[in-house]
Amino acid sequence: MRVVVLTGAGISAESGVPTFRDADGLWEGHRVEDVATPEAYDAQPFVVHRFYDARRAALSGVSPNPAHHALARLEEELGDDLLVVTQNIDDLHERAGSQRVLHMHGELLSAVCRACRGRSRWEQDLSDLPPCPRCGVPDLRPDVVWFGEIPYEMDRIYLALESADLFVSIGTSGAVYPAAGFVQQAATYGARTLELNLQASEVTTLFDETRHGRAGELVPAWVDELLVRR
Ligand SMILES: [Zn+2]
């Protein structure tokens, strides 16, 4: 039984991480196009740096919730047969114990150098323009995938979707592509598909089964079911 799980903002929101798209369309008071595009970074790098510096610093104030812990427990049982693909840039899956996690939209705890393209683990601020640990040039940017940029690991993700027996989408709105297309990709290759989300997503009708409620309740219950059936 090979399982691919896609997680989105909904799972982190239950840990207190502000979701990307609130009802007012703003992300912590910022328009998305002002902080999450390469054009915004070119125009106002300090605004963008300070925004991500604040998000990075806020990680120490949040903790994994029962949904993250349940996925880590599932990985203990399934090993390489489970892959978690996350749209989230926080480290809550890792802190819950998950090791097989692909961050398709990058990570707050990573910086990428615009001079040498090297990626480095990063826990401090970037707004004070520190030198790249690899080449010494002070041209580090947040290692997050902005609108208009290509997500990471797409080849590995599509390979995993093609060989999956079960695809589960957790806490995603189904509004952001390419992730919103994963359900169709998995189904085309024969996987069963399950949506676990607070409400019906924009692609909810594409799933074989949908359950709506809090991830912190739905995910542990689903993991229990799956492990009993094995
Ligand atoms: Zn460098």
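Gln184 is partly exposed, with a relative accessible area of 44%; buried means under 20%, exposed over 50%, and partly exposed in between (1.4 Å probe, protein chains only). Gln184 sits in helix α8, residues 182-188. Helices (H or I, at least four residues) and strands (E, at least two) are DSSP runs, numbered from the N terminus. This is a predicted model: local features need pLDDT of at least 70, side-chain atom pairs count only at pLDDT 80 or more, and totals for chains, interfaces and linings use all residues. Residues are numbered from 1 along each chain as its sequence is written, and side-chain values use heavy atoms, with hydrogens and water left out.

**Across the chain**
- Gln184 and Ser15 are 169 residues apart along the chain, and their C-alpha atoms are separated by 29 Å.

**The zinc site**
- Four SG atoms are the protein donors of the zinc ion, from Cys113, Cys116, Cys132 and Cys135, and they lie 2.3 to 2.4 Å from it.
- Donors are N, O and S atoms within 2.8 Å of the metal (3.2 Å for Na, K and Ca); water is not among the atoms, so sites may look incomplete.
- The arrangement is tetrahedral because the 4 donor atoms subtend angles of 106 to 114 degrees around the zinc ion.
- Four donors count as tetrahedral if all angles lie between 85 and 135 degrees.
- The donor residues follow the spacing C-x2-C-x15-C-x2-C in sequence.
- Cys116 lies in the loop between β6 (106-113) and β7 (119-121), while Cys135 lies in the loop between β7 and β8 (140-144); this pair links distant parts of the chain, 19 residues apart.

- Cys113 is buried, at 0% relative accessible area.
- Cys132 is buried too, at 4% relative accessibility.
- Cys116 is partly exposed, at 33%.
- Cys135 is also partly exposed, at 35%.
- The structure holds 0 disulfides, a disulfide being a pair of cysteine sulfur atoms within 2.5 Å.

**The second largest pocket**
- The second largest pocket has a volume of about 290 Å³.
- Its lining has 16 residues, and the closest to the pocket centre are Arg2, Asp80, Leu82, Leu83 and Ala160.
- A pocket is an open set of points on a 1 Å grid over the protein atoms alone, where a 1.4 Å probe fits, with protein on both sides within 12 Å along at least five of seven lines; lining residues have an atom within 4 Å of a point.
- β1 (3-7), β4 (82-86), β5 (101-103) and α7 (154-162) each supply at least two lining residues.
- α7 gives the most, with 3 residues.

Key. Four donors count as tetrahedral if all angles lie between 85 and 135 degrees; four count as square planar and six as octahedral if opposite donors are over 155 degrees apart and all others between 65 and 115; anything else is irregular. Grid points are joined across faces, edges and corners, and a volume is the space filled by probe spheres set on the points.
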